There are 2 protein chains.
Amino acid sequence: MATKKKYEYWMGFDLGGTKMMATVFDAKFKIKGFHRTKTKGHEGAKEVLARMLETIEEALGQARIQASELGAIGVGCPGPLDLDRGIILHAPNLGWRNVHLKDTLERVFHCPTTIANDVDVGTFGEYRFGAAQGARCALGVFPGTGIGGACVYEGHLLRGTIGSCMEIGHIKIQAEGRLCGCGQRGCLETTASRLAISADAAAAAYRGEAPHLLKLAGTDLRQIKSGVLARAIDEGDKVVEVIVRNAAHQLGAAMAGVVNLLAPDVVVLGGGLVEAMPEIYLQEVRSAVQSLSMKPFVKGLKVVAARLGDNAGVMGAAALAAEAAVK
Amino acid sequence: MATKKKYEYWMGFDLGGTKMMATVFDAKFKIKGFHRTKTKGHEGAKEVLARMLETIEEALGQARIQASELGAIGVGCPGPLDLDRGIILHAPNLGWRNVHLKDTLERVFHCPTTIANDVDVGTFGEYRFGAAQGARCALGVFPGTGIGGACVYEGHLLRGTIGSCMEIGHIKIQAEGRLCGCGQRGCLETTASRLAISADAAAAAYRGEAPHLLKLAGTDLRQIKSGVLARAIDEGDKVVEVIVRNAAHQLGAAMAGVVNLLAPDVVVLGGGLVEAMPEIYLQEVRSAVQSLSMKPFVKGLKVVAARLGDNAGVMGAAALAAEAAVK
């Protein structure tokens, strides 16, 4: 589906594991309206899809425009995806398999729809509107529950044949390391993800080495989120800081290898951990990349924090859909 | 420098550490003439440059054409390079620093000239004419004295801002591994390059575990080249086979990580070691990639041997220069 009219509005949609957000942008990518709500993936595919449609309608209503005025809809979503056919192949958090998202949204709103991986749209958003503007090659790294990566190379997201690529979280950093969710051992995620950090911090709390963390969140990984880790450090839990710094260093060391491969001019760090503790992440990743990457690739390389927060995803998704629509 | 005439001929040039080769191609990239000679880098920059010009003249003479009939000249050379300005920044084997190769050749032959990294042109040659034809994303890996890598993504070589990228040899595979020529520790090259293999094999020969190798080449790394290693294995030196297989496995394990990042549809293995022992390399790299890469990226992925041998470089260089000239 492609239209030839002059576009006034674009929609970006962020389908997250815990919340979803729809945002209407004008032609200059100024926000005209938005709506967010909880995803409630446990309620099942049909309910989540219905809630997506409602959320889009709400955002349109807030912007006081009709779906017919949209040039395109872009959706950032968890993967694996079939990008060209617009299918979510599998999203465990949503209980989804083979959901034809593009077709559904195009049928309901009569508007060209593009879906893309959530880390890809976040990085593309930072490239178009945030911390990586003008980069020839921008690497996005989002340490969170897992560790997502993306690369905008000369204006385009690097992608695989069917879905996305840049699985930075599954770079092997230790030959016989911890078991990873992907089935391998020693992947970066097993040491540097929020989950890995929380597990190490919980063990420290259990051993009595992190009294503030223990008081704030106990030893349950579900409670030990990025903000809690930051607060425990602020309150004086040195061991938590050491754990986070070590994870950030490991992330930087793995990025140093990616820098040697792709020679980016900007590395953008985003996601919950970085938002909660930007100084630690910038320091550790910068020093690891500086000392471990090959010299020609370090010259002029910037390591920066993402600037758009939650808006990166919807902005990137909308911009990606806009590019696909006017192509 | 760019011309608008209809092109009849292209020249590819391969400037190697030990030999150089110039080849004239017609518009269909059939070879019309070529000349090769020793590089003799020890004689110094001026002599090597003069020999390059002679070699080009010889190839033109053999093809019975004038330089004025060339659409462009492409040169594959050792780096680091300044690609846009066509400068070899540093080539230790040639004793070169800041040699303005593009300007020099354009002044002498009045013909647009493109320079590129030798591994890049080899991979581009395999993509255009050899084992990776039609690939959406082709990864080239050339284990030799070092380990070179390159990636053709949707028709274009991935590159850095100034020079090439894809330094696969400097992926860290061991936290506290052997010292690498780049100054880091545990780079892939320290375990899987021809030099690393030769060092391990020489030690085995010294210990009396590789009698055939000892007879063939002694314990001098300069003598233990790829062909000698292959012959020692054929003659029954089991330990040499184990050493090579281990190196090939390490290469494959590192490639598995690159596959997770770039999701190629073809991995092309080339260079002296692979040419001497293709079965070992294909087996070990295939099995490592299959078992260590994430499943979605393995589906449909081919691991193949390069097909063009020494011609990959000149063909790729000529094709790259042709694309730049008609752009």
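Trainee: Where is A:Gly155 placed?
Mentor: This is a predicted model. A:Gly155 sits in the loop between strand E10 (147-153) and strand E11 (156-157) of chain A.

Trainee: What makes A:Gly155 partly exposed?
Mentor: Count the neighbours. A:Gly155 has 13 other C-beta atoms within 10 Å. Exposed needs 12 or fewer, and buried needs 20 or more. The value 13 falls in between, so A:Gly155 is partly exposed.

Trainee: How far apart are A:Gly155 and A:Ala192?
Mentor: In sequence, 37 residues. In space, 29 Å from C-alpha to C-alpha.

Trainee: Which strands of chain A form the open sheet, and in what order?
Mentor: The order is E5-E6-E7 in chain A, with antiparallel pairing.

Trainee: Why are strand E5 (81-82) and strand E7 (96-100) of chain A said to stand at the edges?
Mentor: Each has a single partner strand, so one side of each is left without a neighbour in the sheet.

Trainee: How do you know that strand E6 (residues 87-91) of chain A and E7(A) pair?
Mentor: Pairing needs at least two bridges. E6(A) and E7(A) have four, in the antiparallel sense. So they count as paired. As an example, A:His90 has A:Arg97 in E7(A) as its bridge partner.

Trainee: What lies across E6 and E7 of chain A?
Mentor: Helix H2 (residues 101-109) of chain A does, running at about 45° to E7(A).

Trainee: Why is H3(A) called roughly perpendicular to H12(A)?
Mentor: Helix H3 (residues 118-129) and helix H12 (residues 311-326) of chain A pack at about 85°, with axes 7 Å apart. Roughly perpendicular covers 65 to 115 degrees. The angle falls in that range, so the label holds.

Trainee: Which residues make that contact?
Mentor: Among them are A:Val121, A:Phe124 and A:Phe129 of H3(A), with A:Met315, A:Ala319 and A:Leu320 of H12(A). By class, the contact of H3(A) with H12(A) has eight nonpolar, five polar and three charged residues.

Trainee: Now chain B. What makes strand E4 (residues 70-77) of chain B mostly covered?
Mentor: Eight of its eight residues are buried.

Trainee: How do you know that E4(B) pairs with strand E1 (residues 9-15) of chain B?
Mentor: Six bridges join E1(B) to E4(B), running parallel. At least two are needed, so they pair. B:Phe13 has B:Val75 in E4(B) as its bridge partner.

Trainee: How many bridges join E4(B) to strand E8 (residues 113-117) of chain B?
Mentor: Five, and those strands run parallel too. B:Gly76 stands opposite B:Ala116 in E8(B).

Trainee: How many residues does each chain give where chain B touches chain A?
Mentor: Chain B gives 26 and chain A gives 26. H8(B) gives the most to the side of chain B, with five residues. That side has 15 nonpolar, seven polar and four charged residues.

Note on methods: Residues numbered from 1 in each chain as written. Chains lettered and ligands numbered in written order. Predicted model: local features only at pLDDT ≥ 70, side-chain atom pairs only at ≥ 80, totals over all residues. Contact = placed C-beta atoms within 7 Å. Nonpolar A, V, L, I, M, F, W, Y, C, P; charged D, E, K, R; others polar. Axes fitted to C-alpha atoms, helices over the stretch in contact; angles between N-to-C directions. Parallel < 35°, antiparallel > 145°, perpendicular 65-115°, else oblique.
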